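Subject: Structure handover

Hello,

Here is the structure I said I would pass on. Please look it over first; my notes on it follow below.

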Amino acid sequence: MTSNYFAISRSRQEELSDLAEFIANEYCPDVTIEPELIAKKQGISYCYGNYEDSFDGLTEHEFGKFHIFINLDRHSHEGSERMRFTFGHELGHYFIDEHRNALMSGQTPSHPSFTDFSSKNPAEVEADFFSASLLMPKNRIVKYCFRKKFNFSIIEELSLKYKVSTTATALKFATIGNHPIMIVRSSNNKIDWFKRSHDFPYKWPKGLKKQLPEYTLAGTFFKNCTQYKETLPITANEWFENVREKDVDRPFYERCIYSEKYNYVLSVIWED
Ligand SMILES: [Zn+2]
């Protein structure tokens with residue numbers, strides 16, 4: 001399994017989330033978070049360019065100045081959700097003390113960042129976590145979810161409101177939302193990675209390192225290309241390992257997002 005947010009300790013997650021929230025509230029108190037504006041106010045220069053597949057973003061430190069490069073070739077358009085996320089990630093390399101110090105001292109040469117949630121490098125995982133926390137500040141998300149009963153439209157609404165991809169929004173919701181969810185990303189009928197809220201009732205999805213479980217929505221897609229645009233019921237036994245006899249029919253819901261461009265299916269799973 002690839003690294004994930006949960007590979008960062010809970011205390012470190014809190015530290016990064018607080019730092020990001022502080023910056024968001026300082027520079028963008030009541031509007032959508034604008035990474036470019038934050039860079040400008042910090043005196044960080046930036047540019048958008050065509051760098052083929054070499055990186056999503058890159059932060060350089062030279063002669064006491066920071067510069068952020070954003071690669072247009074790896075993003076659909078300027079201002080896209082993914083580009084905002086990449087920009088937030090690069091700001092993480094600037095705002096997180098350890099990252100900035102490493103760049104300034106030249107210990108770590110500028111490294112290319114790929115912000116597709118599959119990096120194993122701890123600094124990259126931290127910068128992704130920072131970006132999600134910057135673009136979706138905890139206090140605002142918690143306030144938004146307060147007393148709302150969970151359904152998938154909450155993820156969609158947050159994604160639109162904060163201009164963040166559904167994947168990043170679901171991941172954020174799994175760490176600070178008010179309802180436990182599991183997220184499974186799969187491609188070619190295999191699980192790429194999965195993440196879950198700490199209080200989700202099951203630890204493991206079925207089919208790790210094998211085929212996806214056949215009767216799940218994601219499994220059905222890989223079997224016969226059927227795409228479901230709605231939320232559908234499934235049972236514990238269909239998706240999870242180690243389900244007790246009496247719980248095999250325990251009802252859950254699954255909703256899928258199909259990315260034709262990147263060729264994956266994202267499943268969000270929850271219990272009522
Ligand atoms: Zn990076």
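Helices α1 and α5 are oblique to each other, a word that covers whatever is not under 35 degrees (roughly parallel), over 145 (roughly antiparallel) or 65 to 115 (roughly perpendicular). Their axes cross at roughly 45 degrees and come within 8 Å; axes are lines fitted to C-alpha atoms, for helices over the stretch in contact, and angles run from 0 to 180 degrees between N-to-C directions. Helices here are DSSP runs of H or I with at least four residues, strands are runs of E with at least two, and numbering starts at the N terminus.

Before going further: this is a predicted model, in which local features need pLDDT of at least 70 and side-chain atom pairs pLDDT 80 or more, while totals for chains, interfaces and linings use all residues. Residues are numbered from 1 along each chain as its sequence is written, and side-chain values use heavy atoms, leaving out hydrogens and water.

Back to the helix pair. Residues of α1, including L16, L19 and I23, meet E126, F129, F130, S133 and L134 of α5, where contact means heavy atoms within 4.5 Å.

First sheet

Three strands make an open sheet in the order β1-β3-β2, with mixed pairing; two strands pair if DSSP finds at least two bridges between them. β1 (45–49) and β2 (57–62) are at the edges with a single partner strand each, so one side of each has no neighbour in the sheet. From one strand to the next the twist averages 20 degrees. Six bridges hold the antiparallel pairing of β2 with β3 (residues 65–71), and E62 is opposite K65 in β3. Helix α3 (residues 81–95) packs on this sheet and touches β1, β2 and β3.

Five strands form another open sheet, ordered β5-β4-β8-β7-β6 and paired antiparallel. Its edge strands are β5 (190–196) and β6 (232–235). β6 is joined to β7 (residues 251–259) by four bridges, and I234 has F252 as its bridge partner in β7. Helix α8 (residues 166–176) packs on the sheet, its direction making about 145 degrees with that of β4. Helix α9 (residues 217–224) lies across β4, β6, β7 and β8, at about 45 degrees to β7.

Regards
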